[in-house]
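Here's a quick tour of a protein chain, meant to be read with the model open beside you. Take a look at the overall fold before going on.

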Amino acid sequence: MRDVLIWLNDQLLRMQWLSDLVTLLVREGFGLNPASQIGGSVHFFIYDVIKIFILLSVLIFSISYVQSYFPPERTRRILGQRQGLGANVMAALLGTITPFCSCSSIPLFIGFTSAGLPLAVTFSFLISSPLVDLASVILLASIFNWSIALSYVAIGLRPLSIKAPSATMITTAQ
């Protein structure tokens with residue numbers, strides 16, 4: 001099973017098949033040795049341009065698909081059903097899988113607080129949304145491996161278990 005996962009990681013995420021094809025193109029098509037400086041530079045350029053294009057295409061499609069199932073209203077409804085630490089964890093996980101960048105997280109944060117969600121829950125969503133997103137996890141897994149990517153998620157979500165101050169504490173302090 002481990003060999004299958006390693007093969008999938010190498011072929012799908014690291015795109016070893018693409019590197020082999022580009023090596024063949026550089027060697028046979030351009031007549032360059034991929035181990036030389038110019039051959040290595042040409043290989044690097046072609047391989048990375050195609051790899052980034054494929055990764056961005058897949059990520060944009062995936063995020064658009066996920067976004068169609070998690071509009072802000074649905075996220076607000078899901079978060080309003082929980083309380084306490086479970087609500088913080090749920091908000092952090094929703095912030096991770098929803099494709100909201102920091103630009104769209106701020107208006108969502110304001111909408112969540114005006115809708116009456118607890119401040120701790122809205123902060124958990126606000127912090128995790130741009131910090132730990134699906135695109136960065138997939139890119140980390142493709143560059144390194146899944147254990148590094150999952151460690152990044154765990155470390156990114158860890159501070160979110162700390163309870164944020166309540167709204168009454170903030171207004172009293174002012």
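## The whole chain

First things first: this is a predicted model. The chain has 10 helices and zero strands, so if you walk along the sequence, the pattern reads α-α-α-α-α-α-α-α-α-α.

Of the 174 residues in the chain, 34% are buried. The accessible surface comes to about 10,800 Å², and carbon and sulfur atoms account for 70% of that area. As for contacts with a separation of 6 or more, 67% of them are between residues 24 or more positions apart.

Now to the start of the chain. Met1, Val4, Leu5, Trp7, Leu8 and Leu12 make up a nonpolar patch on the surface. Put together, these residues have about 680 Å² of accessible area.

Leu8 is one of the patch members, and its place is in helix 1, which covers residues 2–13. Is Leu8 buried or partly exposed? Its relative accessibility is 32%, so Leu8 counts as partly exposed. Being over 30% also matters for the patch, because that is the cut-off for joining one.

Helix 2 takes in residues 16–29, and Thr23 sits in it. Ser19 lies in helix 2 as well. Thr23 counts as buried because its relative accessibility is 19%, and the cut-off for buried is under 20%. Ser19 is buried too, with a relative accessible area of 15%.

Ser19 touches His43 and Tyr47.

Helix 9 runs over residues 146–157, which makes 12 residues.

Which residues of helix 9 are buried? They are Ala149, Val153, Gly156 and Leu157. These residues cover an arc of only 95° around the axis, so they are on the same side of helix 9. The general rule behind this kind of spacing is that an α-helix has 3.6 residues a turn, so residues three or four places apart point the same way.

Conventions. Residues numbered from 1 in each chain as written. Predicted model: local features only at pLDDT ≥ 70, side-chain atom pairs only at ≥ 80, totals over all residues. Heavy atoms only, no water. Patch = residues over 30% accessible without salt bridge, like charges linked within 9 Å, V, L, I, M, F, W, Y side chains within 5 Å. Areas by Shrake-Rupley, 256 points an atom, 1.4 Å probe, with all protein chains shown as cover. Salt bridge = Lys/Arg side-chain N within 4 Å of Asp/Glu carboxyl O. Helix = DSSP H or I, 4+ residues; strand = E, 2+ residues; numbered from the N terminus. Buried < 20%, exposed > 50% of the residue type's maximum accessible area, 1.4 Å probe, protein only. Expected span 1.5 Å × (residues − 1). Arc of directions from axis to C-beta. Contact = heavy atoms within 4.5 Å.
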